Structure formats: C-alpha cells, structure tokens
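Please read the following report alongside the sequence and the structure shown below. It takes up helix packing, the surroundings of the ligands and a few backbone details in turn.

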Amino acid sequence: MEKRVLGKTGLEVVCVGFGGIPIQRVDQEKVTEIVDEMSRIGINFIDTARGYTVSEGFLGHALKGRRDQFILATKSMAKTFDEMTSEVERSLTNLQTDYIDLYQLHLVKDMDDYKQVMSDTGAYKALVEAKEAGKIGHIGITAHSVDLMMDIIDDMPFETIQFPYNLVERQAEELFEKAHKRDIGVICMKPIAGGAIENGGLSIKFILQNKNVSLVIPGMEQTDEVYQNSLIATGNYVFTEKEKIEADKIVEELHGNFCRRCGYCAPCEVGINIPAMFIAEGYYSRYNMVGYATAYYAKQPVKASACIECGKCLKRCPYNLPIIDKMKDVSKVFGE
Ligand code: SF4
Ligand code: SF4
C-alpha cells in the first residue's frame, strides 16, 4: 500500500486510514476483528473522537498489546483549557495508552470559535501542555468551513487539518494546496459524503488522485470494508474510461440533492442551523445511526419544525436544494 508523509508531523501513513465513527453501531468483538484485519493488512492510521461515544473505548480495548502498530489520532470539541485538559486524560484512559500520536481540535466552526480555542484560557494551550508532557505527539484541527480555514491557514500552528473531501465536495482543493505548501498534513474525512455516494471505492480513488492529500479515513464497520478499501491504496489512481463516466454520473445525480455544509443559506429567518438538519437526517437515514443522530438533533437549539417556509434560504443555496421540503422530512424523522 502507498504511504505518504503526514505533513510536518513526519509520520508515515498508509494513504487509506480508518475513521472511527461507524463502529459506534457495532460491538467490541467486531471492532477487535476490524483491528485484527488492519494489523494483518498493514493499515496504520486510526482516527476516532471523544464525541463518537463508545468508539475510543472499543478501540482502546482492541489495541491492547499492539498499540505500537498504529498511529493513533483522536479529537475533542472542548473549547476551554480546563475542558481540554480533562478530555485528553479521558482519551488516554479510553484508548488504554499513555501516548496519542495526534490530538485534534474537533470542529472549529467559525472565527469566534477559533479565537476562543486560541485564547489564553483556550483548548489549544491545553494541547500544547499535553504535548510538552509527552502525552500527545502532534496537534491538529478539524473543520468544515473553507472560509475559516483559508483565513487562518497562513498563520495557524497546527500540523494537520482534517476536512471533508470527496467526488461531490471539492471546495477544499485550494485549501489543500496551501496546506501542502506549508507542509501541513491533510486528512480527508467524509469520503463518501456522509453515505450519499454509493460507490465509495471510486470516491476514495478520486481523493487519492490529489497529491496534496496525505490520507483518507473512510469509516469502516466490517472487516471486508477494511480489505476492499486497502486495495485502493495502490499508488495508481488514474480513472479508467468506465470509472470516469461513473464519476461524472455520481456528480450529476447528487448535484441537486446533497448539502455541502457550505452555510451560504444562513441566516435562517428563525435560527435553524440548516446544514445541521441535513447532517442529523443523514446520520439517521443513510448511516442508520439512530442514537447518535437523535442525540445530535436534540442538541440543536432550533428544530426543523420551526421553519415558517419564508423561502429566504432557497434563494441563497447555490445547489438549489429543496430546503423547505427537507425541513418537513427532518421534523417528521425526529418528531419535532
Ligand atoms: S424557509 Fe425555513 S429554513 Fe429557510 S430561512 Fe425560512 S424559516 Fe429558515
Ligand atoms: S443547504 Fe445549500 S447553502 Fe445551505 S449548507 Fe447546504 S448546500 Fe450550503
């Protein structure tokens, strides 16, 4: 399998890694089997998060006795120094290790968020202290906003970024180019667009065509997915004619039916976080992660049912998504 260097961390990663969201749906036995398979094949990068409920704990148990075979990454949404200090300790305990290779600030949404995490009482300082104490090796950031990342990329201290990228979400290409020039590792999440792209292998192959990308981390919950995805990391990512036609078809089909989380539809007249509604529904229907989706939706201060059908967002969405209809679907799914 092809290896790439994860930016200035210097870590050599197989360019197909493991994303730890979907294992929330399975059990410890299955996660151990998945880690067995990664160990057998040689996949060497595992990403999880404090927010993925049981994911860190399952992985920690499965990694016992073979922690050294893997580069381990996790992340927390904590924004303050105190919160992040205790989150790092919880990750270490859950993952049953005394060292995490990469710890990331999880989902920094906007400039206000960024200023908070970088302040004297912010979460970044806690990660610097954890690094100095030898508890973590490197510090990264994950985000969904290209605008934010483009604003901060020239000055930010992070060694990696984690960002969505796939056949139908290509908005980060310029960002990746800049990151690569600054020797910042680029980790691609959401390679199948939250389950919207059925041919995941094709999308992963597309992602790896981009030499600014360090690695892609598809979520996997079956051992055969681990094997199939590993077969893509060959170093040759040129599409055949048939694949080109299929990729074009996927892009065309999803163009008007997929939220890119760009946020151009904001502000909603009544304060609904519109992309969050799409995300919640995606987790519920496409990923079948009912518990996670319900908890995520419960945290949204304004529910989809509050939509007054003013239509203002429709004019702003560059992809002409039927947002009003979607709000009705979402409120039906979650019952509010
Ligand atoms: S149509 Fe609904 S979702 Fe769109 S801006 Fe108006 S209230 Fe918000
Ligand atoms: S609904 Fe449209 S404008 Fe709003 S985040 Fe999704 S793709 Fe962007």
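## Packing around helix α11

In this predicted model, helix α11 passes helix α12 in a left-handed crossing. Helix α11 covers residues 274-285 and helix α12 covers residues 290-298, and their axes come within 7 Å and cross at roughly 160°. Since angles over 145 degrees count as roughly antiparallel, α11 and α12 are therefore roughly antiparallel to each other.

Helix α11 also meets helix α14, which is made up of residues 323-334; here the axes come within 10 Å, and the crossing angle is roughly 50°. That angle makes α11 oblique to α14. The crossing of α11 and α14, too, is left-handed.

## Packing of α1 and α9

A further helix pair is formed by α1 (residues 28-41) and α9 (residues 223-230), which pack at an angle of about 25° with their axes 8 Å apart. Because angles under 35 degrees count as roughly parallel, α1 and α9 are described as roughly parallel to each other. In this pair, α1 passes α9 in a right-handed crossing.

## Surroundings of ligand 1

Ligand 1 sits in the largest cavity of the model. The residues that surround ligand 1 are C268, E269, V270, I274, C307, I308, E309, C310, G311, C313 and I324. Two of the helices described above contribute to this shell: I274 is among the residues around ligand 1 and belongs to α11, which spans residues 274-285, while I324, also listed around ligand 1, falls within α14, residues 323-334.

Sorted by class, the shell around ligand 1 consists of 8 nonpolar, 1 polar and 2 charged residues.

Which cavity corresponds to the space taken by ligand 2? That space is the second largest cavity. There are 14 residues around ligand 2, and those that come nearest are C259, C262, G263, C265 and C317.

The shell around ligand 2 divides by class into 11 nonpolar residues, 1 polar residue and 2 charged residues.

## Backbone details

A cis peptide bond, with omega of about 0°, joins A266 and P267. P267 lies in the loop between α10 (241-254) and α11.

Where are the residues that have a positive phi although they are not glycine? One of them is T53, with a phi of about 35°, and T53 is found in the loop between β4 (45-47) and α2 (55-62). Another is L107, a residue other than glycine whose phi is near 55°; L107 has its place in the loop between β6 (100-105) and α4 (111-118).

Notes: Residues are numbered from 1 along each chain as its sequence is written. Chains are lettered from A and ligands numbered from 1 in the order in which they are written. This is a predicted model: local features need pLDDT of at least 70, side-chain atom pairs count only at pLDDT 80 or more; totals for chains, interfaces and linings use all residues. Side-chain values use heavy atoms; hydrogens and water are left out. A residue is near a molecule or strand if one of its heavy atoms lies within 4 Å of it. On a 1 Å grid over the protein atoms alone, a cavity is a set of points where a 1.4 Å probe fits but cannot get out, and a pocket is an open set with protein on both sides within 12 Å along at least five of seven lines; lining residues have an atom within 4 Å of a point. A molecule sits in a cavity or pocket if more than half of its atoms lie within 2 Å of its grid points. Ala, Val, Leu, Ile, Met, Phe, Trp, Tyr, Cys and Pro count as nonpolar, Asp, Glu, Lys and Arg as charged, and the others, Gly among them, as polar. Axes are lines fitted to C-alpha atoms, for helices over the stretch in contact, and angles run from 0 to 180 degrees between N-to-C directions. Helices (H or I, at least four residues) and strands (E, at least two) are DSSP runs, numbered from the N terminus. Angles under 35 degrees count as roughly parallel, over 145 as roughly antiparallel, 65 to 115 as roughly perpendicular and the rest as oblique. A crossing is left-handed if the near helix is turned anticlockwise from the far one by less than a right angle, and right-handed if clockwise.
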